[in-house]
Amino acid sequence: MSADSVHDEQIVRDPARLTLAGGASALVGLGAAEVVGLILPGSPSPTAAFADRIIANTPDGIRESLIGAVGTADKPLLVLGIVLGVVVVGALVGWFARPERVPWIFAAGGVITWLLCFTGSVQAGVTLAISLAVGVAAGAMAWTRLVLSPTRPTLRSTPSAALDRRARARGRR
């Protein structure tokens with residue numbers, strides 16, 4: 001049995017690792033999208049754009065009663081809820097989806113988010129799409145690194161193997 005097949009079996013049988021990797025990858029993707037949103041001129045924050053869309057589509061009575069209940073903490077609580085929602089959705093995707101399909105699911109989530117947050121302004125739509133694309137790429141790379149890339153032993157983890165190679169090299173001289 002090769003090291004890669006052992007790694008593949010561990011991926012399939014370790015739902016805790018897949019769940020944590022999904023949540024962490026989603027958080028990395030959201031963070032990258034936010035950084036790009038800050039860097040690009042005229043680009044809305046993906047989280048703020050989604051929060052604005054939620055606020056705009058919430059019925060007035062419900063919105064006013066929620067604002068009355070939490071006061072001025074309404075927007076920070078909404079942003080916190082969005083971030084936690086992204087992490088939970090990423091964790092669920094990691095847990096339920098086949099590992100090799102997760103990057104594609106993240107991409108579909110990025111497209112759906114863009115469609116939900118698009119306000120009609122071409123410049124804002126393009127910059128939001130760029131920031132979400134970078135976020136999806138970062139999340140997919142994090143997922144690949146955390147789950148799909150087989151881990152290789154290092155010299156620190158296997159010092160005896162390194163010493164054996166040195167001893168064999170001395171014997172050849």
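Because the model is predicted, local features need pLDDT of at least 70 and side-chain atom pairs count only at pLDDT 80 or more, whereas totals for chains, interfaces and linings use all residues. Residues are numbered from 1 along each chain as its sequence is written, and side-chain values use heavy atoms, with hydrogens and water left out.

**View 1. Helix 3 and helix 6 pack at an angle of about 55°.** Helix 3 spans residues 46-57 and helix 6 spans residues 102-117, and their axes are 9 Å apart; helices are DSSP runs of H or I with at least four residues, numbered from the N terminus, and axes are lines fitted to C-alpha atoms over the stretch in contact, with angles running from 0 to 180 degrees between N-to-C directions. The angle makes helix 3 oblique to helix 6 (angles under 35 degrees count as roughly parallel, over 145 as roughly antiparallel, 65 to 115 as roughly perpendicular and the rest as oblique). Pro 46, Ala 49, Phe 50 and Arg 53 of helix 3 make the contact with Leu 115, Leu 116 and Cys 117 of helix 6, where contact means heavy atoms within 4.5 Å. The residues of this contact divide into six nonpolar, no polar and one charged (Ala, Val, Leu, Ile, Met, Phe, Trp, Tyr, Cys and Pro count as nonpolar, Asp, Glu, Lys and Arg as charged, and the others, Gly among them, as polar).

**View 2. Helix 3 also packs against helix 5, at an angle of about 115°.** The axes of helix 3 and helix 5 lie 10 Å apart, and the two helices are therefore roughly perpendicular to each other. From helix 3, Thr 47, Phe 50, Ala 51, Asp 52, Ile 54 and Ile 55 meet Lys 75, Leu 78, Val 79 and Ile 82 of helix 5. By class, the contact has seven nonpolar, one polar and two charged residues.

**View 3. Helix 6 and helix 7 pack at an angle of about 160°.** With axes 9 Å apart, helix 6 and helix 7 are therefore roughly antiparallel to each other. The contact of helix 6 with helix 7 has 12 nonpolar, four polar and no charged residues.

**View 4. The largest pocket holds about 580 Å³ of space.** A pocket is an open set of points on a 1 Å grid over the protein atoms alone, where a 1.4 Å probe fits, with protein on both sides within 12 Å along at least five of seven lines, and lining residues have an atom within 4 Å of a point; the volume is the space filled by probe spheres set on the points, which are joined across faces, edges and corners. Of the 25 lining residues, Val 86, Phe 106, Gly 109, Gly 110 and Thr 113 are the closest to the centre of the pocket. Helix 6 gives the largest share of the lining, seven residues, and the lining divides into 15 nonpolar, 10 polar and no charged residues.

**View 5. The second largest pocket holds about 230 Å³ of space.** Its lining consists of Ile 54, Ile 55, Thr 58, Arg 63, Leu 66, Ile 67, Val 70, Asp 74 and Leu 78. Helix 4 supplies the largest share, four residues, and the lining has six nonpolar, one polar and two charged residues.
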